[in-house]
Amino acid sequence: MKKLRLRKPVLFLLFLTVLAPIVLYTDKLGSFTASSSKNEFIEDVSTLSFGGENRKLNLLPEELPKTLREPIGIVYSDNSSNSVLGSGEIRDSVDELRSVKSTEHKARALSATDDENELQKENPIKQVTGGLPETNESDGIQKSKLTEEKESGEGKEDAEKQKKSGQVTNIAADKMGTKNDQQSAQTSGKIDSGESSKNKIQRSSDQTVMPDARVRHLKDQLIRAKVYLGLGATRNNPHYIKELRLRMKEVQRALGDATKDSDLPRSANDKLKAMEQTLAKGKQIQDDCAAVIKKLRAILHSTEEQLRVHKKQTMFLTQLAAKTLPKGLHCLPLRLSTEYYSLNSSQQQFPNQEKLEDPSLYHYALFSDNILAAAVVVNSTVSHAKDPAKHVFHIVTDRLNYAAMRMWFVANPPGKATIQVQNIEEFTWLNSSYSPVLKQLGSPSMIDYYFKAHRANSDSNLKFRNPKYLSILNHLRFYLPEIFPKLNKVLFVDDDIVVQKDLTGLWSIDLKGKVNGAVETCGESFHRFDRYLNFSNPLISKNFDPRSCGWAYGMNIFDLEEWKKQNRTEVYHTWQKLNQDRQLWKLGTLPPGLITFWKSTFPLSRSWHVLGLGYNPNVSQKEIERAAVIHYNGNMKPWLEIGMPKYRNFWARFIDYEQVFLRDCNINP
């Protein structure tokens with residue numbers, strides 16, 4: 001019986017020793033295959049079961065795809081969404097995983113234990129969304145891990161199997177890494193471009209800061225304040241009106257004559273803030289937008305009307321200033337005339353009078369009643385002449401200024417150059433029976449046009465009402481062959497020019513059978529015939545081209561021999577008679593000049609003659625410096641106070657302000 005009792009425990013122990021390993025082994029296989037099933041892997045990719053023990057995947061951002069050993073499952077993230085490897089790639093990874101020994105997994109786990117312990121402290125989501133590593137530092141980490149694995153005592157076969165098992169994952173990870181690199185490059189490019197564009201915008205905004213921003217703001221505040229003063233709701237609030245008017249006075253004092261922020265006083269900021277607060281109160285009192293808009297429109301209309309009136313007044317005053325003789329220039333001829341008649345006849349004569357009719361010399365024709373202007377023309381020409389002795393100046397003036405003009409050049413002789421001063425009254429051949437313009441200038445209709453007030457108001461263009469058009473001196477340029485019968489060529493010059501270079505080259509220019517050598521003034525759409533002539537009249541439209549280029553009076557070389565052959569003076573007379581009622585062109589000498597020398601004008605180089613210094617503030621310094629002659633055509637003459645200061649010095653440097661007659665008349669630069 002005892003033996004039977006002993007056999008049962010022995011058999012039980014034998015049973016346990018035989019069956020237990022089988023059960024344990026089958027349990028391991030079951031747990032391994034169960035955890036490796038495709039469905040479970042897809043559902044939970046973050047864990048794998050090894051020997052009944054669940055282990056987390058190593059989500060190490062430092063691991064490059066080239067050194068990853070097992071297909072643990074690669075989670076890829078970009079800026080838009082997270083993605084997992086495709087099912088086909090996962091199936092290959094699982095099949096490869098089954099061929100790997102459990103010792104390999106243990107070695108893999110041991111080699112990553114230290115890094116894993118450190119990374120567990122970080123958020124695993126952050127590790128995943130961080131993307132694959134891109135820096136060279138991660139390559140160094142992977143190389144150190146490979147060295148540790150080789151030194152762990154594993155055989156060459158194990159290492160080769162590990163390489164084989166990582167190939168699938170390497171291919172997939174390489175693809176994903178390439179995508180990630182491209183997207184990260186695009187993202188970084190966008191960020192860089194965004195930052196650069198922001199910097200450009202910031203720089204441009206810094207550059208476009210207006211220097212008068214606060215001045216504009218203060219002016220806008222005054223406009224808003226005027227609007228509130230005129231509104232019904234605010235007018236019923238006397239305390240607010242009093243405060244608003246006080247603020248307006250403060251802002252007006254702060255503004256003063258300031259045109260930029262640097263001109264404002266230091267207290268301007270405080271005034272601006274105080275006014276802004278007062279305007280905010282007004283906005284609360286008056287919230288009717290329709291009333292504000294109505295008031296603003298009324299202010300705008302009133303401002304436009306004031307602007308129109310001021311423009312008209314400015315035009316009138318400018319014309320008046322251009323016509324009015326300054327005190328000094330009125331004093332000068334009186335002072336010179338008194339001195340001239342105190343001289344004896346021999347002292348009143350000019351030297352070298354035998355040169356006046358010598359055609360081999362360089363002759364200038366200047367018709368003027370302005371002594372100072374004529375002096376500048378002569379002085380500037382002589383100072384730049386290579387041989388002043390060969391230059392002859394023929395000055396024609398009126399009876400009122402004849403003695404004064406002679407006295408000036410007697411007292412201030414132009415060096416070796418020759419001077420002739422003539423009185424237009426001495427030209428007995430120039431009378432109304434010969435010259436149609438003389439007859440027209442003395443007609444009742446012309447006197448009515450100039451001296452009747454009601455007529456003056458009806459003409460919008462005041463420049464045509466300048467009294468210079470009544471002067472025969474202005475029309476004397478059409479009678480050069482009669483004035484200089486023995487000369488072949490004459491250079492006609494206006495009295496508002498300054499000569500800056502030697503002009504002798506003009507006499508050697510071949511005009512190719514033309515009468516007039518002049519600088520053309522037309523551009524793309526201006527200074528053409530249609531600007532000066534009335535092409536609605538059939539007489540003009542049939543005979544001339546509206547697109548023909550205009551040219552400038554002021555410096556013109558005239559071939560008097562060709563003039564006589566082509567009988568250009570008679571052409572001038574014919575058209576003057578046709579324009580008796582001023583329907584073909586307005587008053588002036590340029591329109592009849594364009595007609596008289598139609599198809600008989602030779603264009604000179606623009607460097608000979610630069611215009612616009614009497615009306616255009618934008619004539620370039622380079623143009624002025626290279627020009628042989630600069631012309632102050634326009635109302636802003638350099639001898640008037642309205643003359644442009646930037647151009648005045650070119651004219652004033654040819655006047656000796658220490659001259660006794662100028663000091664006596666208080667004429668200063």
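What share of the 669 residues of the protein chain counts as buried? The buried share is 42%, where buried means under 20% relative accessible area, exposed over 50% and partly exposed in between (1.4 Å probe, protein chains only). This is a predicted model, in which local features need pLDDT of at least 70 and side-chain atom pairs count only at pLDDT 80 or more, while totals for chains, interfaces and linings use all residues. Residues are numbered from 1 along each chain as its sequence is written, and side-chain values use heavy atoms, with hydrogens and water left out.

**Overall architecture**

- The protein chain contains 28 helices and 14 strands; helices (H or I, at least four residues) and strands (E, at least two) are DSSP runs, numbered from the N terminus.
- Among contacts in the protein chain with a separation of 6 or more, 76% join residues 24 or more positions apart; contact means heavy atoms within 4.5 Å.

**The seven-stranded sheet**

- An open sheet of 7 strands has the order E7-E6-E5-E8-E11-E10-E12, with mixed pairing; two strands pair if DSSP finds at least two bridges between them.
- Strand E7 (418-423) and strand E12 (601-604) stand at the edges with a single partner strand each, so one side of each has no neighbour in the sheet.
- E10 and strand E11 (residues 555-559) run antiparallel and are joined by 2 bridges, and Asn516 stands opposite Phe558 in E11.
- Helix H15 (residues 371-384) lies across strand E5 (362-367), strand E6 (391-397), E7 and strand E8 (489-493), at about 175° to E6; axes are lines fitted to C-alpha atoms, for helices over the stretch in contact, and angles run from 0 to 180 degrees between N-to-C directions.
- Helix H16 (residues 402-411) lies across E6 and E7 and runs at about 170° to E7.

- E9 pairs with strand E14 (residues 629-631) in the antiparallel sense over 3 bridges, and the bridge partner of Ile497 in E14 is His631.
- In helix H27 (residues 645-652), Tyr647, Phe650, Trp651 and Ala652 are buried; the buried residues of H27 pack against H15, E9, helix H26 (621-626) and E14.
- Gln500 is located in the loop between strand E9 (497-499) and strand E10 (516-519), and counts as buried at 12% relative accessibility.
- Beyond its neighbours within four places in sequence, Gln500 has contacts that include His384, Glu625, Phe650 and Arg653.

**Salt bridges**

- The structure holds 11 salt bridges, each defined as a side-chain nitrogen of Lys or Arg within 4 Å of a carboxyl oxygen of Asp or Glu.
- Asp496 and Lys637 form a salt bridge through their side chains (2.6 Å, N to O). The pair links distant parts of the chain, 141 residues apart, with Asp496 in the loop between E8 and E9 and Lys637 in the loop between E14 and H27. Both Asp496 and Lys637 are buried.
- Lys486 and Glu357 also meet in a salt bridge (3.2 Å, N to O); Lys486 is exposed at 54% relative accessibility, and Glu357 is partly exposed at 47%.
- Arg335, Glu339 and Asp664 are linked in a network of salt bridges.
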